[in-house]
Each structure stands twice: as C-alpha cells, then as structure tokens.
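Please look through the sequence and the structure shown below, and keep them at hand while reading this report.

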Amino acid sequence: MSNFALRLHAYQNNLSDKENELAQYLLKNQNEVSHSTISELSQKTGISTATISRFAKSLGYDSFQDLKINLVQTDTDDNLFVEISPNDSPKTIAKKTFASNIDALRATEDTLNDADLKKCVDLILQAKHVALFGLGASNVVALDGYHKFLRTTIDVIYVEDFHMQLMNAARLTSNDVMILISHSGENRDAIALAKLAQSRQTPIILITSSANSTLAHIADVKLVSIAEESRYRTEALHALIAQISIIDALFMMTAIKTDRKVALEIRQEINKTRSN
C-alpha cells in the first residue's frame, strides 16, 4: 500500500465529492499520475487544477509535486499491514505484528512537519501548565506522556477520571496548554474537554488519527498518527504505537531545551529504590 493510501485513510472524512472522486482516480492510477503534471491530471479527470492543489494541501502535502512522490512510495510485502492467519506460527505472528507497527510509525513520521512540531514545542515550553488528557486507550498515551514530562521542569497535569479531567480543564488558562489524544477525533467527552479549553482560550495540541475530525477543527495544532485496520487488530491499536512515539518526540524536543538537573535528581531517587 502506498504512503498516499495510508494518509488518505486518515484524512478522508469531510472530503468533498470532487475530492473523493479525485482520490479514487489517484488510487487506481498511481503510477500514471506520478508522471503527470497537474494540468495533465486536470484534463484527464475534469477537475480543476485549483481543486487538485487544494486537495493535496488538505491531505497535509506541501504541494501536488509532494503528493506525486508519495504516490509511488509503496511498502514492501514484508512491511505491510499484513493479515495474521490462525495457521501462522508464533514467530510469524510476532513478525507480522512488528511489521505492522513499523509501518504505522513510518507512515506517521511522513505526516509530521517542522512548522507544526516547532509550534508544539513553543506552546509546551511557554506554558505554565501542560495538561495531558485522553479517554479509553488514548488515556494510556496521556499517562505515558505524563510519566515522561515529569522528568523535566515542565509543570504537567494528568488524571485518569473524565470528571476530574473536566475539573482540571476548567482551571486552565491562556497561559497553559492542553495535549489531547483522541484516535477518532469524535469522542463526545474529548470534544467536551476541547470546547472547555477553547472557551478558556487554552491552546490545544491534538494527537489523532482523523485529520478532518471535529476535534481537528477545534485544535490549534494537530499531529496525525497513521494506521490501518486489519482483521485481527483494529486501527486504534496500530495508532497507539504511533501516538506514543509522537509523545516521545515531543518529550525529546522539549526536554533537550529544559534544565536536565530535574531528570538527574529523579533518576537518583529511583535508583535508591533498587536493590544492590
């Protein structure tokens, strides 16, 4: 499957009829389109060059040329969201599971860009408090982020219970930042948290697998995790690995710019609990 197809899977919601028509044409004619100009594609499809250009940017590409490059970037059979068979050996199942996770990571990395990442880093470093929220499986990602950011000078907030998340969100201000994780971007409780933050003018960093979701339109900056559903593993499980890796990246980009004394002190205290 091409990187384009994987990205389309995350961005496909809310595409116009013309954009969906274009998407299907691109999927069926990937090799041909990869050698076409935007004008040639417009003539073949009857879709204006402006719509094609807008479509490319709506999928997170810098330009139509960037989209064309991704059309032919296809993963090998050994590194695809391959199906697991009941007849597979334990080693084969493990190999396919690792391959799927690696594929999700590579596809997700391809969606990230310097501008969004820099904006996230600036928001986190300038914030008085960084609040990490997520429901269900996304709460695992939030907890992982909390565990990591505790090793920095950043004042980080995390609670598991949704009502306590609401209480904490109600205390946030424009000087804080909310990192919200939502796979679908349509979870009712996650939307409630985002709208509360929005009403308090608190910047929102969204980590999601749905780039055109309700939450994606509320957030100040979105980081998209790419994953595909298979028979034995839902796309949410693939996305979890990618989302944790996004948290890892945010942590590394911010931690390197903060005082490392805190991390050393924490490490020393943890070492005291270990037996000799």
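In this predicted model, helix α4, which covers residues 38-45, packs with helix α5, residues 49-58, at an angle of about 110°, and the axes of the two helices are 9 Å apart. Angles from 65 to 115 degrees count as roughly perpendicular, and therefore α4 is described as roughly perpendicular to α5. The crossing in which α4 passes α5 is right-handed. On the side of α4 the contact is made by Ile38, Ser39, Leu41 and Ser42, while α5 contributes Thr49, Ile52 and Ser53. Sorted by class, this contact of α4 with α5 holds 3 nonpolar and 4 polar residues, with no charged residues.

**The nonpolar cores**

In soluble globular proteins, nonpolar side chains tend to be buried together. Which residues of the largest nonpolar core touch the most other members? Of the 26 residues in this core, they are Ile124, Phe149, Ile179, Ile205, Ile207, Leu223 and Leu250. At least two residues of the core are supplied by each of the helices α8 (114-126), α9 (137-149) and α13 (235-255), and likewise by each of the strands β1 (130-134), β3 (177-182), β4 (204-208) and β5 (221-224). The largest share, 6 residues, comes from α13.

If neighbours within four places in sequence are left aside, Ile179 is in contact with Ile124, Val130, Ala131, Leu132, Phe133, Ile205, Ile207 and Ile247. Ile124 is found in helix α8, and, with neighbours within four places in sequence again left aside, Ile124 is in contact with Val130, Phe149, Ile154, Val177, Ile179, Ile205, Leu250 and Thr254. Although Ile124 and Thr254 are 130 residues apart along the chain, their C-alpha atoms are separated by 7.4 Å.

| Residue | Relative accessible area | Class |
|---|---|---|
| Ile124 | 1% | buried |
| Asn139 | 8% | buried |
| Gln12 | 36% | partly exposed |
| Gln201 | 61% | exposed |

Why does Asn139 count as buried? Buried means under 20% relative accessible area, and Asn139 counts as buried because its relative accessible area is 8%. Asn139 has its place in helix α9, where, leaving aside its neighbours within four places in sequence, it is in contact with Gly134, Tyr158, Val159, Glu160 and Gln165.

Gln12 is found in the loop between α1 (3-11) and α2 (17-28). Apart from neighbours within four places in sequence, Gln12 is in contact with Asn20 and Asn212. Gln12 and Ser210 are 198 residues apart in sequence, yet they are 8.2 Å apart in space, C-alpha to C-alpha.

Gln201 also belongs to a loop, the one between α11 (188-199) and β4. The phi angle of Gln201 is near 60°, which is a positive value in a residue other than glycine. Because the relative accessible area of Gln201 is 61%, Gln201 counts as exposed.

Definitions and conventions. Residues are numbered from 1 along each chain as its sequence is written. This is a predicted model: local features need pLDDT of at least 70, side-chain atom pairs count only at pLDDT 80 or more; totals for chains, interfaces and linings use all residues. Side-chain values use heavy atoms; hydrogens and water are left out. Axes are lines fitted to C-alpha atoms, for helices over the stretch in contact, and angles run from 0 to 180 degrees between N-to-C directions. Helices (H or I, at least four residues) and strands (E, at least two) are DSSP runs, numbered from the N terminus. Angles under 35 degrees count as roughly parallel, over 145 as roughly antiparallel, 65 to 115 as roughly perpendicular and the rest as oblique. A crossing is left-handed if the near helix is turned anticlockwise from the far one by less than a right angle, and right-handed if clockwise. Contact means heavy atoms within 4.5 Å. Ala, Val, Leu, Ile, Met, Phe, Trp, Tyr, Cys and Pro count as nonpolar, Asp, Glu, Lys and Arg as charged, and the others, Gly among them, as polar. A nonpolar core is a set of buried Ala, Val, Leu, Ile, Met, Phe, Trp, Tyr and Cys residues joined through side-chain atoms within 4.5 Å. Buried means under 20% relative accessible area, exposed over 50%, partly exposed in between (1.4 Å probe, protein chains only).
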